[in-house]
Every structure is written in C-alpha cells, then in structure tokens.
Amino acid sequence: MTTVVPELGQRVVAGLIAAYYEDDKYARTGRRLVLVHGRYAEGGKDHFSVPVGASRERRGVRVAHATSVLGITDAWHSHQRGDHKGDLLVVTTDVADELVGLDVQGEMLTSQIVTVDKADIAKQLFRAADIDPRMREKPWKWLPDALIAAQPEDGWPQRGAVLTLDAAMRALIGQRLELEGVADGGASVDMDALLAWAGTSGAPERFAALPEEEREGIAEWLEQSAGEAAPLLLRLAGGGQGADAMALGVLASVLSGEAPPPDATLALGALFGKVRFSLPELRAYTRAVEGTLTRWIGEAASPQGERARRRVLDVVERADALAGSAGLTDALADSSFLPSGFRARLHRLAGALEEGPQAAQETLKQVEDHHLAAVFHLDEVRTASMAVRLARWLDEPVPSVSSVDQAVHAHIAEWGWVDRAVARLRGPRPDPLVTRAYEALCRATSRRRDELDEAFATELRTWVRYARNQADGSGGALLVEDVLERIAEPLTKNRLPVIIVVSGMSGAVAAELGEKLTEAGRWNELAASGGRRSAAVATVPSITAGSRLALIAGELPEAVPQDGRSAERAEKDAFAAFWSRHELQGALFHPGDVPGPSGQPLDAPLVAALAADSETVVGVVLEAVEDRLAHAEPSDPVDWSAEAVPYLPELLNAARGQGRPVVLVSGSGHVRDRGVAVTAAERVESARWRTGPTAGEGEVELAGPRVLENGGRVTAAWREEVHYTPRKAGYQGGAALAEMAVPVLVLTPNVELIPSGWAVLPPEKAEPSWWRPRAAEAAVPKGTRPVQRRPEEAAPEPDPQDAAPPSGEGETDAPTVQDSTEAAPPTLGNRVVGTKIYERQLRFVRAKPHRKAVAAVIDALDQAGGKLSLAAVVAAVTASGGRAPRQPEGLVTVLTRLLNVEGYDVIGMTDARTRVQLSRAQLLEQFELSGGDA
C-alpha cells in the first residue's frame, strides 16, 4: 500500500518550527536540521524567517526536498557550506525513519522524521497544553489547517491551557474577517460587527477567496454564535455583494408579510442575484439588519455621531436607489427606514391635513415613528408638528376680540403661538405636494388672523384715545410703561431682578424662548395673580424708539430721540431715574456695553453690576431680533432659542449664578414678511406707519396721548401684508397684534425665592390647549416584565430636603390606611396613597413626602394624560400645600422609589429628562386598583 505524502506549505513549515521552539528542550539542543514527512509545495519560498520562543526572535529557515538518504545528506552538507549555515534547514522527504543513518540523526532537532499533525501544530501555535478533540474530527478537521494558514505575523495570542473550538474559531474569524479585537478575545462577534465588516473595502473579497470548506465552517459557527442571519450575510459577501448587504436587508422587509406580493418577490430575487435564500432566513436577516441600523441611528443622534450618520445615510440612500431600480419603491412605501418611506408618510400627512386634526395627528405619529425622523429629518418633523397644531387651532371655535386687554393677553397666550407655527411653515419646501398643503393651511390661518387683527385695530382706535390701564381699577390693559412698576419692582422684595429687553420680541418669539428656557428645568417661569403670562400694550407707532423708551422710563416720554446716541443716553438716564424713585440703583447696558475683552463673555462693569452683593437693578438691551429681521432673507425660517440671541445665554447664566430673577420683555413686537410687494402710500415714515391722509385697506387711523409721533395722530397698518418700505424678514410700527402686544416673561432660577403673590407657571399652562394632543395611556398587559436597570443607571440618593413634607406636616409614624384617606376625595392619587402596597413602599425612602403631595402629583399627571413638565409637577406639590423642592429631579427620584413597585416603570423621566411620565395602567396594576376613579 502506497503512503500518501502530504503537501506542506510555508505556513505549515513555519508553524511546525514555531511549535517545536516553544519547547525549551528542543531550543537548547542547538541543532539545525529538521526532517519532515511530506513534500514542500511547489513555488513556496525556500528561505524565510519565523518568530520563535517567548521573545518572538526571528529565526532563519531554509527548505529543501529530498527523496533519498543521499539527497538528505547532500542537502545538509550544502547548507553547512552556504552563507546562511546558522539558519535551520527543513528537509521534506518520503524516506522511512529506519533508513536515516546515525550521522544524520546526530544533526537532527528531533530523533526521528517529523510527521505533521496540524492539530498539534495549531495547539503549539497558541501555546496550549491540549486541544479540543473536535478539531481532529469532521466537520472541524479543516480548522487546524486554517489556523496555521491564518496565523498573524506576530503569532496567535495565548488562549488558555486548552485551545477550545470556540476560542479557535473566534481567533480565526477575527483574522480572516479582519475584525479588530475579536482574535484576542476582546470583542464579540455579533451581527453589528459582521454587517459593518461586509461594507468594508476588500475584506469580503478576501473572504470569498478562502477555501469553500473554510467558508462554510465559518458560516456554520457564526450561525450559532451571531444568529441565524449570519450565513446569508456571508453568502452575500462571498458572492460579491458585501457592499450592498445592509441595503438589501432593508429592502427585504417587503417580504415580511404573511403573503408577500409575487412581483416584489421576483424583484428582490433579482437584486440578490445568485445568492439563494429561504423566506424564514430572509426575514431573520431583515430583523438583524434593522436592529443594527436602529443602533447606528441611535449613535448618529449623539454630538459625536457624524461617522454613524454617514454610515446610516450610505445604507438607506443605497437601499432607496436599489428599490427604484427594481421597481420596489411603491411596495416599500411603508418602510420605516427608507428616505422614500419618510417622504411617503409626509405625503399622507399632507392629505390628512384636509381631513381634520384627528386624522392629521394619527398620520403625524407615523411620520414621527419613522426611524430617520428624529436624527435626519428633525426639521421636517417639527414643521409637520406645527402644521398639525394649526389644524387643531383651526378646528377650535372661532375666537373673538372684546377689548384691547383681552386681545393682547389672548395673543400672548394663544395667537402668538399661531404666528410661531405659521412662521415655521412659510417658505419654500423641497417637496411640492407638502408645500401646497402647508400653504393652504397658512392661507386659512392668515384669514382668521386677519379677522382678529382687524377687530383689534377697531378696538385700538377707540381705546388709544384714553388708554386705560390696570392701575386705575377700571379693568384696563397693562401698558408698556407700567411693566417696571407693576412686574419688575415687586420682585425686588426678594432679590434684585435683571431686566433683559429683547427689542422686537413678539409673542411668537417669546413663546419659543419661554418654552426652550424652561424645558430643561434650569429656569422656572412665574405668573402673578391670574396664573397667566403677562402682556402689555406698546405705544403707537409700535417702533423701538418710542415704545422701548416708555418701557425703560416707566412713563410716556415727552419727546422721542431721533438718533441712536441720544436714544441710548435718554434710556440710561430714564432707567436710573425710575429706580432712584424706588430708592434703588439702576444701570442700563446697551449692546455695545455687553461684550467683554477677548476671552471674557461679559464686560467688567456689567459683571460687577450683576454680582450678588451689588445693590443695582440691572437692565440690558439686546437687539438680536431687530438685527435678524433687518438682515435675514424674507424666506429664511427663524427659530428662536437663547443661543440665537447673542449674549442672552451668558446673561442668563450670570443671573442664575447670582440667584437673580429675570424679566424678559420687549418694547414692541413685529410681523413677518408675507412675500408681497411694497404697498404704495403717501407720507411714509417707516415700514408700517405713515402720516398720510385717510386710512386705506388694511390700515387704521390712531390718535391720542399714546401716539408719540406726528403730534399724536398716525395711520398704521393692521394687515400683515402691508409694508411701505422694501422687503426684509420682518417689520415694526403697525397696529397688528403681533406688533402691539408686548410679552413679559418672569423667570427665576430658584422656586424658593418666589415672591408673595406669584406662582410657578408650568409650560403646560403657558401653552394654548391645542398645542399638544391629549395622549391616551396605553394599557400594559398583565405580567409585563419589570425593567431591570444596570447599576450605572440607578438614581442617586436624593437630598432629604427635596422630598420634604409640607411645612408643619411630618410623616414620622405613618398613619393607618383608614386614617390617611378618611377625608380625602376618592381621586386616583388618594386611592394609591391609601393602599397597603404604598405603606410597604414607604420603607424604600428616607425622607417621606406627604401623602397629599404624592396624591397631587399623581392626579395632575393623570389629568394631563400621563405627562407633565418638571415645573408642573412642582406646581402640583405647592398647590397641595407642600414646599417646593430645591431639586425637582430629586422629588421624581423619591416618587420612582415609591411608585415603581418591583422595578416596573410606573413613573419616570422622559423627553431628555425634561418631563415626568406616568403609566396609569401600570399604576393601577401594581397597586391592585380598579380602573375607575370612584
């Protein structure tokens, strides 16, 4: 019987040498001849080096082949005479052991011809004492060969005393697939890593070039370790479609239904080419791709997520292109990953806007649920949300104007929010269908707003003759010149306020600024009696020169300065004089006084005036709104946050640091450009007012003591389209509500410093009723598993002060259930705090909040549909007679320990930790209550 002589490649020979040199007994002999049973592969290098031993010192190796004892002897003698006689000589041969003479044996590293056992070589390459026996048998007999061939330049890392099959496969896959950290056991092999690998350049092609048995073995192992989707991914990579592997997985969702359309099946099959798949396998692959894509989208949402953003866009844009080429775009219109799927949802919303607010809200939810919405289409989602809000407002009863005071308050509380939404919707959009829907909505809104402005102008024409104010007891309006006296001065009883005059700030701008300043919980908005945001009436015409001076002086000016330097001097003197009358110092800073030297956000005199020990009421004028209206393109969308107003964040931070309240106010508002040409008129003085004769269409004649120009008589535009000067982003000076209504926001960084007669105004109360839909709480199936939180997610131990009971009401020894609820109305909150389960939960908090406070928070959340701002939760506590917590989040932490029974999510923070959310269904289930309130 003829013995088969194995062919040995360079890798096997190198592995064999490295394995023997791991054993010191061979390394110490100094012998340099190794006879190996086999034949050296044709074309293999006959001279190379091998890293050996613990030091990985490289040892030269020469290889020769001999078919006889004489040939072996000649090869050895030739090696000794050569220039590299210090190298090892490896002679492959088929000569039997017993034929080798003693003279040759004396030079051999081993006492006999080495028979190659590739499993042993693999074991030695990993410096292991033993090897998993499965690697010597089918179906894994190919693995030692692969490990030898794939050995990295600096050798395999040691993986323990026994080289297990899993350790060997992880090492091989890490090397073959070039997955960083996998070969040495530091990283896992999962679908995320494999899908990322499939899209890399060159790596899938190198995998495709591996022997078929090795490719199949890798696929089989990955199916068990990374999931059932792995084999299909590797087939795609092996078939040259690795770059499109994720895109194809996105498209495969077209077959996820019970009965996939035949045309879609054929089209998808054509895209997969020669790569075969079963339907269950394809669905598993789709789930894996969508899971990975979802995680990448999550990474893209972070500030450092630019690489993830690009990676996601590469996939979804390629998927859209493939869908278009295969005629699958319509079939994938419901895709929650494709950009075309997002566009299709926006198109459905455009149609739903005509059907009414309920249909629009349902469709908006679909738009928001698209996976690309929050990261890649956030601007479009916000605009769509504004469109739905307008649809809700238009569905409300038609509002009316009964007086100037009623109208300006309605504008600040509601109609200014309408203007904010319209401003968001105006301007060109990339999608004509959506643009037309938004334009129709804006036209309907403008018609109603014009009716309100016309009715207000009619009331204003009569009112302006004698201009009643609130102070005279006749129920008149708050005048702009009374803002300091009636709003800012009462604040001085606790801390001296900072008055920031944002010139040109309209009700729409104030609505957005107020929302963004309070949503993070760093500022609380306050309201005086009546529980609403304050609103004042500007002077006529509603331009900065007169109305801002009236605001700052606390009285109507006798004359309006006509140049900037005179105006600044007059305002500084008037501000100081007003506070002097109240026995306080007042210092006003204009835009040029605010910035500090290089590296300093604020100038030194301003910083000194803001200091806690300063006895100065600080006023600061900021002109960002006016500047932006003057220089922005008319069609540019304008979003307002504190960062959009230069120096406002720095001023707010300084005020907060000194514990000072802030009054955010303007002298007058503005109207946005409506895209129409200049209105021809006589004796024009400014963009929105003139001294010409009888009022025309869209205008009103105004005369009286509050008219500060032209001897007390002007003609002003009330219709927003009217402007007498060239187009810009916005205009001032007219008689529209957006110009005449002056918003006044009072902010405090610390609820413990709320003055007498004031209370927190939660965002929910500042918003109009139609701004947010009332969300219905979904029922949670019985037996839903609790959320297991990682240790790093555990809430910190709250400050006991944050959970303190109302003044004078301690809960030392908790009363019995009957005593605690005897006189309480049967609201949901009172029912919860009256249960034995609640009694048991009290053990988990150190400082026990009063039952009334907990019940009030539960009831407030329940009435709001399950979600409230932190400010609204604080307001619920104080309304129950409790003391406002220093840290509202500490109160929520206490509530989670009380209400999240056995780890179930009953209550917690949401929306980037700006709002509190309650699950009514979970609350009822965990406290074993029925669904009714009685």
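Asp-593 is partly exposed, with a relative accessible area of 26% (buried means under 20%, exposed over 50% and partly exposed in between, for a 1.4 Å probe and protein chains only). The structure is a predicted model, in which local features need pLDDT of at least 70 and side-chain atom pairs count only at pLDDT 80 or more, while totals for chains, interfaces and linings use all residues. Residues are numbered from 1 along each chain as its sequence is written, and side-chain values use heavy atoms, with hydrogens and water left out.

Asp-593 forms a salt bridge with Lys-572, the closest N and O atoms being 2.7 Å apart (a salt bridge is a side-chain nitrogen of Lys or Arg within 4 Å of a carboxyl oxygen of Asp or Glu). This pair links distant parts of the chain, with Lys-572 in helix H25 (residues 564-580) and Asp-593, 21 residues apart from it, in the loop between strand E14 (585-589) and helix H26 (604-610). Helices (H or I, at least four residues) and strands (E, at least two) are DSSP runs, numbered from the N terminus. Salt bridges that share partners also join Asp-419, Arg-449, Asp-450, Asp-453, Arg-674, Glu-697, Arg-719, Glu-720 and Glu-721 into one network.

By this rule, 44 salt bridges are counted. One of them joins the side chains of Asp-334 and Arg-348 (3.5 Å, N to O); Asp-334 lies in the loop between helix H15 (306-326) and helix H16 (339-355), and Arg-348 in helix H16, 14 residues apart. Asp-334 counts as exposed because its relative accessibility is 58%, whereas Arg-348, at 32%, counts as partly exposed. A further salt bridge, between Lys-365 and Asp-369, has an N to O distance of 2.9 Å. Both residues lie in helix H17 (residues 357-369), 4 residues apart, or about one turn of the helix.

The whole structure contains 9 aromatic pairs (rings of Phe, Tyr and Trp, the last by its six-membered ring, pair if their centres lie within 6.5 Å; planes under 30 degrees apart count as stacked, over 60 as edge-to-face and the rest as tilted). Phe-126 and Trp-156 form a stacked pair, 5.1 Å centre to centre with 10 degrees between the planes. Phe-126 is buried at 1% relative accessibility, and Trp-156 is likewise buried, with a relative accessible area of 1%. The rings of Trp-417 and Trp-771 have centres 4.9 Å apart and planes at 75 degrees, so this pair is edge-to-face. Arg-389 lies over the face of Trp-771, at 3.9 Å from the ring centre, and the charged end of Arg-448 sits over the ring of Trp-393, 4.9 Å from its centre. A charge sits over a ring if NZ of Lys or CZ of Arg is within 6 Å of the ring centre and within 35 degrees of the ring normal.

An open sheet is formed by 3 strands in the order E18-E20-E19, with antiparallel pairing (two strands pair if DSSP finds at least two bridges between them). Strands E18 (689-690) and E19 (699-703) stand at the edges with a single partner strand each, so one side of each is left without a neighbour in the sheet. E19 is joined to strand E20 (residues 713-717) by 5 bridges.
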